[in-house]
Amino acid sequence: MDVADLTPAQARARFRGGERVPTAGWCGGWTQANLIAVPEELAYDLLLFAHRNARACPLLDVGEPGAVSTRLFPGDLRTDLPGYRIYRDGLAVADAGDVVAEWRADLVPFLLGCSFTFERALLAAGVPIRHLEQGVNVPMYRTDVPCEPSGPLSGPLVVSMRPVPEALVATAVEVSGRYPMVHGAPVHAGDPAGLGIADLGRPDFGDPVEVRAGEVPLFWACGVTPQAAVMASGVEFAIGHLPGHMAIIDARDEDYRAT
């Protein structure tokens, strides 16, 4: 079966069984989400951080302390994503296929919107998606744009990038802007130096993609931003999704389309 035709439950079962792959293009029409789980003592600060930086951290769901599922993610958050990143004292110490042994009773899981949610709409409007064409992970970059801090949490905005033909830039902005709960319209277009990005060929997360003549790099706020804050703030312990390896939830893309 084509991965675009899978249901979220079928995809989660495949990841639980050991499949490790970026999820762009999976489960067509179903919403994907970023995961970040932090100790309960930091949960309010993260909630406020998400509120203050809603473009990058649009909150879709949150679980109780120690929960391994949420209202929108009825699977197991410890096993049903295709990849995880574990942080200790602000350092990424391991990538893992599951985090059963690392999950703690005080961890509060947050699920945040993902720009993969509007990619089908972009494709339907004729906007190419280069990482899908090349079969690689979407490129993501730390910027020099600071997020608004909350308590001990601070850090830079992270963005994802998609190169778009100049004639389709307005279309890409309009189409993605219909989805404000999953990052919405781009935060920047054109010269990456405007965000403090020195080299598009060296993303901080994900894979580089080709930018062709006549194309404009468009940058969307990215749900990896909380992981950058975990690193910048030296958070004692946290678990996130491996960037680009998302939680596929039981909600439809159109649930997050503004009317």
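Two strands are taken to pair if DSSP finds at least two bridges between them. Helices (H or I, at least four residues) and strands (E, at least two) are DSSP runs, numbered from the N terminus. The model is predicted: local features need pLDDT of at least 70, side-chain atom pairs count only at pLDDT 80 or more, and totals for chains, interfaces and linings use all residues. Residues are numbered from 1 along each chain as its sequence is written, and side-chain values use heavy atoms, with hydrogens and water left out.

Strand β5 has two partners described here. Strand β2 (residues 59-62) runs antiparallel to β5 and is joined to it by three bridges. Valine 62 has phenylalanine 110 in β5 as its bridge partner. Strand β1 also pairs with β5 in the antiparallel sense, over seven bridges. Burial was assigned from relative accessible area: buried is under 20%, exposed is over 50%, and partly exposed is in between (1.4 Å probe, protein chains only). Seven of the seven residues of β5 are buried, so this strand is largely enclosed by the rest of the structure.

An open sheet is formed by four strands in the order β6-β7-β9-β8, with antiparallel pairing. Its edge strands, β6 (140-146) and β8, each pair on one side only. Strands β7 (residues 156-165) and β9 (residues 215-221) run antiparallel and are joined by seven bridges. Proline 163 has proline 217 in β9 as its bridge partner.

Aromatic contacts were examined next. Rings of Phe, Tyr and Trp (its six-membered ring) pair if their centres lie within 6.5 Å; planes under 30 degrees apart count as stacked, over 60 as edge-to-face and the rest as tilted. Three aromatic pairs are found in the whole structure. Phenylalanine 15 and tryptophan 26 form a tilted pair, at 4.9 Å centre to centre and with 45° between the planes. Phenylalanine 15 is in helix α1 (residues 8-16), and tryptophan 26 is in the loop between α1 and β1 (30-39), 11 residues apart. Both phenylalanine 15 and tryptophan 26 are buried. The ring centres of phenylalanine 118 and tyrosine 179 are 6.3 Å apart and their planes are at 45°, so this pair is also tilted. Phenylalanine 118 lies in the loop between β5 (107-113) and α3 (119-124), and tyrosine 179 in the loop between α5 (169-176) and β8 (188-189), so the pair ties together parts 61 residues apart in sequence. Phenylalanine 118 and tyrosine 179 are buried. Ring pairs link Phe118, Tyr179 and Trp220 into a cluster.

Charges also meet rings. A charge sits over a ring if NZ of Lys or CZ of Arg is within 6 Å of the ring centre and within 35 degrees of the ring normal. The charged end of arginine 12 sits over the ring of phenylalanine 73, 5.2 Å from its centre. Arginine 252 lies over the face of tryptophan 30, at 4.2 Å from the ring centre.

Histidine 51 belongs to helix α2 (residues 40-52). At 63% relative accessibility, histidine 51 counts as exposed. Histidine 51 and serine 150 are 99 residues apart in sequence and 9.5 Å apart in space, C-alpha to C-alpha.
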